[in-house]
Amino acid sequence: MESIEQLNEKYNIKSIEHVGGGYINETSQISLFHEVLEKINNPNPVMFELGSGECYYSILFNNYFKTKNIKAKNICVEMDPARYEAGNKNILNNSCENIFVEKTYVGAIDPHIRGVLNQGEGGITIKNMCEKYNIVLSFILWSISIVSNIRIFTKFFFNGFYNCMNILSIVTGK
């Protein structure tokens, strides 16, 4: 298992500004994420990083595929102003291309769905982001930091809009 420092060197990731916690405490998750990246065989990989914080995972995703001469696309969503700013600085510092950061939250998969997915007015939906960035989903790497949020995954998958995708879920937390 490669350390975070080894992965950063291998994929030319420069200093990452972080705002409390973040990737620096996620050695096992990053290792697993890297293993998953090695198994993705897609000529146009796309990653949604919801709650992107400092955008470390998107930068790793972007730079990983850059070493293979594959142009990846990343959509990052972060509502915390300090983390949003840190993420944008990290993207610029690492000369990443095709990473788009939205300063908002995911309020629902579809504005007509209520319940767990609807966090209120003003957020963006996965469907909106797909339309805005011209993305056709066929695979999702779903990372859930709190196991109880599996309810969100269930509604996400079974709402009919995404019922023909391959989904890999990494669940961490309590």
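I'll start with Asn98, which sits in the loop between H4 and S3. This is a predicted model, so keep that in mind throughout. Asn98 is not a glycine, yet its phi is positive, about 65°. Its relative accessible area is 23%, so Asn98 is partly exposed.

Buried or exposed, then, for Asn12? Exposed, because its relative accessibility is 51% and the cut-off for exposed is over 50%.

Back to the strands. S2, residues 73-77, pairs with S3, residues 99-102, in the parallel sense, over four bridges. Between S2 and S3 the chain runs through helix H4, residues 81-93, and this β-α-β crossover is right-handed. Within the pair, Ile75 stands opposite Phe100 in S3.

The largest nonpolar core has 24 residues, and Ile59 and Leu60 have the most contacts inside it. Helices H1 (4-10), H2 (27-39), H3 (56-66) and H4, along with strand S3, each supply at least two residues of this core. Which element gives the most? H3 does, with seven residues.

As for Leu60, leaving aside residues up to four places away in sequence, it touches Tyr11, Ile13, Ile30, Phe33 and Leu37.

Another core, of nine residues, lies apart from that one; Ile75, Ile124, Cys130 and Ile135 are among its members. That is the Ile75 that stands opposite Phe100.

Terms used:
Residues numbered from 1 in each chain as written. Predicted model: local features only at pLDDT ≥ 70, side-chain atom pairs only at ≥ 80, totals over all residues. Heavy atoms only, no water. Pairing = 2+ DSSP bridges. Right-handed = clockwise from strand over helix to strand, strands pointing away. Core = buried A, V, L, I, M, F, W, Y, C linked by side-chain atoms within 4.5 Å. Buried < 20%, exposed > 50% of the residue type's maximum accessible area, 1.4 Å probe, protein only. Contact = heavy atoms within 4.5 Å.
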